[in-house]
Amino acid sequence: MTGPRQSVDRLGRLLNLVPYLLARPGILVAEAAADLGVSERQLREDLELLWVCGLPGYGPGDLIDMALDGDRVTISHDAGIDRPLRLTPDEALALVVALRMLAETPGAGNRDAIERALAKIESAAGDLAGAPVAVRLPANAERLDRLRAAVDSGHALHLTYYTATRDETTERVVDPMRMLMVGGKAYLEAWCRRAEATRMFRVDRIDDFTELGEPARPPVEAVPHDVSAGVFTPGAELPLVTLRVGRRSRWITEYYPVEEVRRTGDEWVVTMRVTDLGWARRLLLGMGPDVTVLGPPELIERIRAQATAALDQYATPTR
């Protein structure tokens with residue numbers, strides 16, 4: 001079985017294998033395997049993989065080529081991989097920062113492999129490893145540690161959770177599935193017994209939680225979300241909101257996923273999907289006259305009703 005550790009080790013070996021063989025044309029496969037600390041069978045498998053490695057285009061002149069004559073191997077075309085991998089200071093520091101962030105990420109798999117890789121890079125980076133760069137996740141570290149430990153225990157959790165789209169705090173029991181990091185924010189993914197569906201709970205919106213005595217039992221229909229494109233993936237089933245946006249509020253097209261932007265002079269007409277019209281109402285009321293809602297009619301009516309109620313409060317004399 002090939003796991004993350006084996007894949008990382010093999011990648012490093014392959015990156016150095018070509019320059020190693022270039023310096024030793026005609027070397028015995030058994031001798032090379034001994035030098036590299038692998039079995040002869042593993043080295044032959046690596047050589048078979050090198051046959052299909054090379055530069056983009058992947059034509060005959062782009063791929064690594066070699067002569068494997070019985071028990072001896074010679075590289076005849078290196079495809080540009082003619083020296084061992086060497087990191088520049090900036091590249092080494094970037095890797096150190098990235099690995100430190102990964103080590104801090106809740107739910108990151110194979111933490112031992114991450115820490116081993118970090119130790120090797122820091123050793124190779126020398127003085128750069130001690131650079132004044134602090135890596136911390138944008139959430140309460142103590143809460144993350146407590147929540148991670150609760151999830152690892154395999155028990156169900158009782159959450160007190162703030163739902164931003166409805167501006168309300170709810171109580172719910174969940175069956176944890178995993179913790180993950182998306183867009184710089186930590187999430188608990190779990191089966192929500194109240195919604196009877198898989199939900200993503202932002203850690204910074206979990207006001208409180210209690211570990212229950214019963215084990216977590218997500219049902220078979222509890223399928224993890226695909227978060228490769230982010231947490232929010234708008235679909236055709238969600239309400240479509242159309243806005244006329246002024247210059248000062250164009251930031252909305254960068255902060256929220258939008259379906260279309262039509263530029264008409266200084267104003268833009270923006271269409272976007274939202275999970276909840278109540279959330280859209282609160283957002284747009286806070287943006288003031290720089291944004292005009294064009295649809296849907298239900299949202300227009302909600303905003304008009306709340307704005308009218310607010311004006312009525314000003315018209316009521318105080319005692």
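Rings of Phe, Tyr and Trp (its six-membered ring) were taken to pair if their centres lie within 6.5 Å, with planes under 30 degrees apart counted as stacked, over 60 as edge-to-face and the rest as tilted. By this rule the count comes to one aromatic pair. The pair is formed by Tyr161 and Phe201 and is edge-to-face, at 5.0 Å centre to centre and 85° between the planes. Because Tyr161 lies in strand 4 (residues 155-163) and Phe201 in strand 7 (residues 197-202), the pair ties together parts that are 40 residues apart in sequence.

The model is predicted, and local features need pLDDT of at least 70, side-chain atom pairs count only at pLDDT 80 or more, and totals for chains, interfaces and linings use all residues. Residues are numbered from 1 along each chain as its sequence is written, and side-chain values use heavy atoms, with hydrogens and water left out.

Helix 8 (residues 277-285) packs with helix 9 (residues 297-315) at an angle of about 55°, the axes being 10 Å apart. The crossing of the two helices is right-handed. In the contact (heavy atoms within 4.5 Å), Leu277, Gly278, Ala280, Arg281, Leu284 and Leu285 of helix 8 meet Glu298, Leu299, Arg302, Ile303 and Gln306 of helix 9. The residues of this contact divide into six nonpolar, two polar and three charged.

Conventions
Axes are lines fitted to C-alpha atoms, for helices over the stretch in contact, and angles run from 0 to 180 degrees between N-to-C directions. Helices (H or I, at least four residues) and strands (E, at least two) are DSSP runs, numbered from the N terminus. A crossing is left-handed if the near helix is turned anticlockwise from the far one by less than a right angle, and right-handed if clockwise. Ala, Val, Leu, Ile, Met, Phe, Trp, Tyr, Cys and Pro count as nonpolar, Asp, Glu, Lys and Arg as charged, and the others, Gly among them, as polar.
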